[in-house]
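Q: Please walk me through a structure, taking one feature at a time and saying how each is read.

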Amino acid sequence: MRISKQNLVEGSSFLRSKKSKNFDREKFMIDNMEHNLTFKEELKKFKELDKDQYSLLLRKFKKKYKDYRLSWFENPKKAFETGNFDQFNPLCLDIETASICDLACPHCFREYILTPDKIMDFDFYKKIIDTAVKFDVPSIKLNWRGEPLLNPKLEEFISYAKKNGILEVSINTNATTLTEKRAERLIDAGLDQIIYSFDGGTKKTYEKMRPARFKKNKFEDVYKNIKNFHFIKQKKGSFFPITKIQMVLTKDTRDEIEDFFDLFSNYVDDVTVTQYTERGGNLEKIPKKEKNKIDELIKKNDLSNNTNFFLEANGDLNVSVGRKPCYQLFQRLMITFDGRVAMCCHDWGAQHCLGFIDKKSFDIDETLKNLEKNIIDNKKGFELLKNAKKPTKYNEPPKKITNIHDIWNGEELNKIRKIHMEKQLDKIDICKNCDFKDTYEWKKIN
Ligand code: SF4
Ligand code: SF4
């Protein structure tokens, strides 16, 4: 089998194709910093640089990137050790340039949490980037709960961030609308990383896992888009964006890992498979295929069905023996299309809202009401979303406009951080039921 087993690490557990086993995104970014558009833009500010000055500037950029990656885990660790968490800036903003999605994947949160079909306004976005630059935020991801390519101005969004000093800009995409024209434009805009989500190694499974809302989503079209992107990037001689593809392992896809790797290993830098059930679900939700072996372990270890588990992609079972503080509170902030700020990527419905950075966000109740109506009326594009419900609000901040800086350092987020450091995650509604595996202490039992 062309699979390399990964160690259990904080943050992720996945299988990788052997071909992309040695691909190291951080090393790639540092080694190729000269080709990063943000660096090139900085160079333009100087009339002439001699060799030494050029090297110095390049080293400065490489160091900034290295520091950012190191801080990703070091900042939370330092905060936990010292109890002092007001000395860090966010390292990433996840900006929802589009909350609409053209697919209705059965495993997606959109299936059960109403998510508006909207795109972000460019002028509002520019304000976010201007604050992020002032705040020295090194990276942004231009999507959260939707498909970013459905924002027709996405390339302008990317370009604005790169020209203004954001070191790393990434997107996750389902690639359904990744035409050749858009591929060209994304590369020219200076995108640093594109991550494709593609479930299945065959047409049958892919089309079952990734059904479309408005017109049929065809395996061969999306496959062609991803391959074309590779050839266009190659033709342009472009180093960026880094390309990565990931498949979620479910009962439908688990027998197609090899096919998946075969499909993409020649066209994408990094090909990975992630275990769907890695997120701390209850033992009763263990997939049937693993059930017998796991049942024996449950009995042997005298575990209740409510015990949270984490099933690694290689089949090893871990059970939860406690909770631990969440790193995300010290790493990033999520911004919805309309300017609500949420604390982490697991708060799909922005249920624990931290604050508002645009007045449009005050209209959310009306937007959701209209969505509900579309579902009840079984409008085209909503047929597959009939189980989606309005998210319960766990926190309602005062209705005033503030900014990212004040939210990051604000009372509400600091209160949550403190509760996390006391390992009292159950006191926060959204965290109590969170299935993010990195917020549990795990014990391997096989
Ligand atoms: S493409 Fe992504 S956001 Fe859209 S429905 Fe599928 S999993 Fe959800
Ligand atoms: S524990 Fe879960 S819900 Fe709470 S901040 Fe972390 S990821 Fe978000």
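**Reading the model**

Q: Which residues surround ligand 1?

A: The shell of ligand 1 consists of Cys101, Leu103, Ala104, Cys105, Cys108, Arg110, Gly146, Glu147, Asn174 and Ser197. A residue is near a molecule if its C-beta atom, placed from the backbone, lies within 6 Å of it. This is a predicted model: local features need pLDDT of at least 70 and side-chain atom pairs count only at pLDDT 80 or more, while totals for chains, interfaces and linings use all residues. Residues are numbered from 1 along each chain as its sequence is written, and chains are lettered from A and ligands numbered from 1 in the order in which they are written.

Q: How do the residues around ligand 1 divide by class?

A: Ala, Val, Leu, Ile, Met, Phe, Trp, Tyr, Cys and Pro count as nonpolar, Asp, Glu, Lys and Arg as charged, and the others, Gly among them, as polar. Around ligand 1 there are five nonpolar, three polar and two charged residues.

Q: Which residues come nearest to ligand 2?

A: Cys326, Cys344, His346, Cys431 and Cys434 do, out of 13 residues around ligand 2. That shell has nine nonpolar, three polar and one charged residue.

Q: Is isoleucine 100 buried or exposed?

A: A residue is buried if 20 or more other C-beta atoms lie within 10 Å of its own, exposed if 12 or fewer, and partly exposed in between. Isoleucine 100 has 20 C-beta neighbours inside 10 Å, so it counts as buried. It sits in the loop between strand E3 (92–95) and helix H4 (122–134); helices (H or I, at least four residues) and strands (E, at least two) are DSSP runs, numbered from the N terminus.

Q: At what angle do helices H5 and H6 pack?

A: Two packed helices are described by the angle between their axes and the distance between the axes. For H5 (residues 154–163) and H6 (residues 180–189) the angle is about 10° and the axes are 8 Å apart. The two are therefore roughly parallel, a term for angles under 35 degrees. Glu155, Ile158 and Ser159 in H5 meet Arg185, Leu186 and Ala189 in H6, with contact taken as C-beta atoms within 7 Å.

Q: In what sense do strands E6 and E7 pair?

A: Two strands pair if DSSP finds at least two bridges between them. E6 (residues 193–197) and E7 pair in the parallel sense over five bridges, and glutamine 193 stands opposite isoleucine 242 in E7. Seven of the eight residues of E7 (residues 242–249) are buried, so the strand is largely enclosed by the rest of the structure.

Note on methods:
Axes are lines fitted to C-alpha atoms, for helices over the stretch in contact, and angles run from 0 to 180 degrees between N-to-C directions. Angles under 35 degrees count as roughly parallel, over 145 as roughly antiparallel, 65 to 115 as roughly perpendicular and the rest as oblique. Two residues are in contact if their C-beta atoms, placed from the backbone, lie within 7 Å.
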